[in-house]
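These are my notebook entries on a structure that I had not looked at before.

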Amino acid sequence: MTASCWYQGQPQSLPLDRGWLYGDALFETLMLRQGQFRLFALHLERLALGFERLQFAAAPSLLEQVQEQCAAIAAAHGEGDWVVRLQVSRQLLGRGYKPDAQATGVIMAQVTPWAGPVLKPGLSLDYSQVQLSEQPLLAGLKHANRLDQVLARQQYQGAAQELLMLNGQGQVICGTMTNLLAIKNNVLYTPRLARAGVAGVMRRWLLEQWCAWGLPVSEQLLYPQDLLAMEYLMVSNALHGPVPVGQLAGHALNPDHVKGQRLMAAFEAL
Ligand SMILES: Cc1ncc(COP(=O)(O)O)c(C=O)c1O
C-alpha cells in the first residue's frame, strides 16, 4: 500500500516534512540588505545550537547547505531590502513522534520585500494575558512551535504595537516578536531565558556591543514592577534592531537616553 496525501480535498504530492506535522523545525528571520545578510554568523550559530539540541542528523553538512542556499538567495536578490524566513525542518520518513535517525534536514526559504518597520521609536507596549509555556530544553531556540505567540496576538484587543509575555511565575520573558532590554545606572538588563523565550540575535548583538563598551550587562529575573523602575526600555529583533519604548501598559516612559541612542547609532552603522 502506498501512502497518499490530500490537501484541501484533493490528492497532492506535497513536500511533507516533520515541521508541518509536529513543528519539528527551526527557523531564522534574516534581513538581507543589498545582497548582504545582517548578523549572518549569529543566525548560523543559533541554528547550529538548535541542530545540536534537537539532535538533527549530519548537522555540520546541513549548516553548509544552509550557507550555500543563503548565498544563492543573496545572489538572486542583490539589490534592495528583503526579509528571508529560512526554515530547516526534519525530513519525514515514517509515522510517529520519534524522528528517524537517518532523517535529513529540509531547507525552505520564503523571501519577501522589506516593507519597513512596524515597530517605531516611542512604541507602546502592553502585557499579554497569555502565559508563556516553559521548556528548558527548547529555551533560547527559534523553533517552529509558535502557538503561544499566535494566541497572544489573537487575544489582544488593545492598541499597543507589541506585547510582553510572562511565565507562570509572573516573570517577564520577552515580547511576541521581540526581546526586551532595559537600561539603568549604565547596566543593560534583559530577562534570563533559561526556561522559555527566543534568544534573539539582536539581543545578543546588543549585549555584546554593551560589553565592548566596557559596561556591565545583567541577564536576570525581571518582574513587571522592575520595568517601571528602569531609565529606558527597548525591544529588539533582527529586522528592527533596538526600538525605544514610549509607553508600558499606560505608563509613559522616556524614549530618549544617551546610551540608548548610542546603541541605535551602532545598529544603524551595521
Ligand atoms: C518570540 C520572539 N522572541 C524574540 C525574537 C527576536 O529574535 P531575533 O533578534 O533573532 O529576531 C523574535 C523574532 O522574531 C521572536 O519571534
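Entry one, on terms. Before reading any angle I noted that axes are lines fitted to C-alpha atoms, for helices over the stretch in contact, and that angles run from 0 to 180 degrees between N-to-C directions. I also noted that I am working with a predicted model. With that convention in hand I looked up helix H3, residues 59-76, and found that H3 lies across S3, S4, S5 and S6 and runs at about 25 degrees to S6.

Entry two, on the sheet. I asked myself in what order the strands of this open sheet come, and how they pair. The four strands follow the order S4-S3-S5-S6, and the pairing is antiparallel. The edge strands are S4 (36-37) and S6 (105-113), each of which pairs on one side only. I then followed the pair S5 and S6, where nine bridges join the two antiparallel strands, and I noted that Leu86 stands opposite Ala109 in S6. Helix H2 also packs on the sheet, where H2 touches S3, S4 and S5, and the direction of H2 makes about 175 degrees with that of S3.

I looked up the domain assignment of the protein chain, which gives domain 1 as 15-113 and domain 2 as 123-268. The centres of the two domains, taken over C-alpha atoms, are separated by 25 Å. Turning to where they meet, I found 19 residues of domain 1 in contact with 12 residues of domain 2. On the side of domain 1 that touches domain 2, the elements that give two or more residues are strand S3 (25-33), helix H2 (40-53) and strand S5 (81-90). Which of these gives the most to that side? I found that S3 does, with seven residues.

Notes:
Residues are numbered from 1 along each chain as its sequence is written. This is a predicted model: local features need pLDDT of at least 70, side-chain atom pairs count only at pLDDT 80 or more; totals for chains, interfaces and linings use all residues. Domain bounds come from an automatic or database domain assignment. Two residues are in contact if their C-beta atoms, placed from the backbone, lie within 7 Å. Two strands pair if DSSP finds at least two bridges between them.
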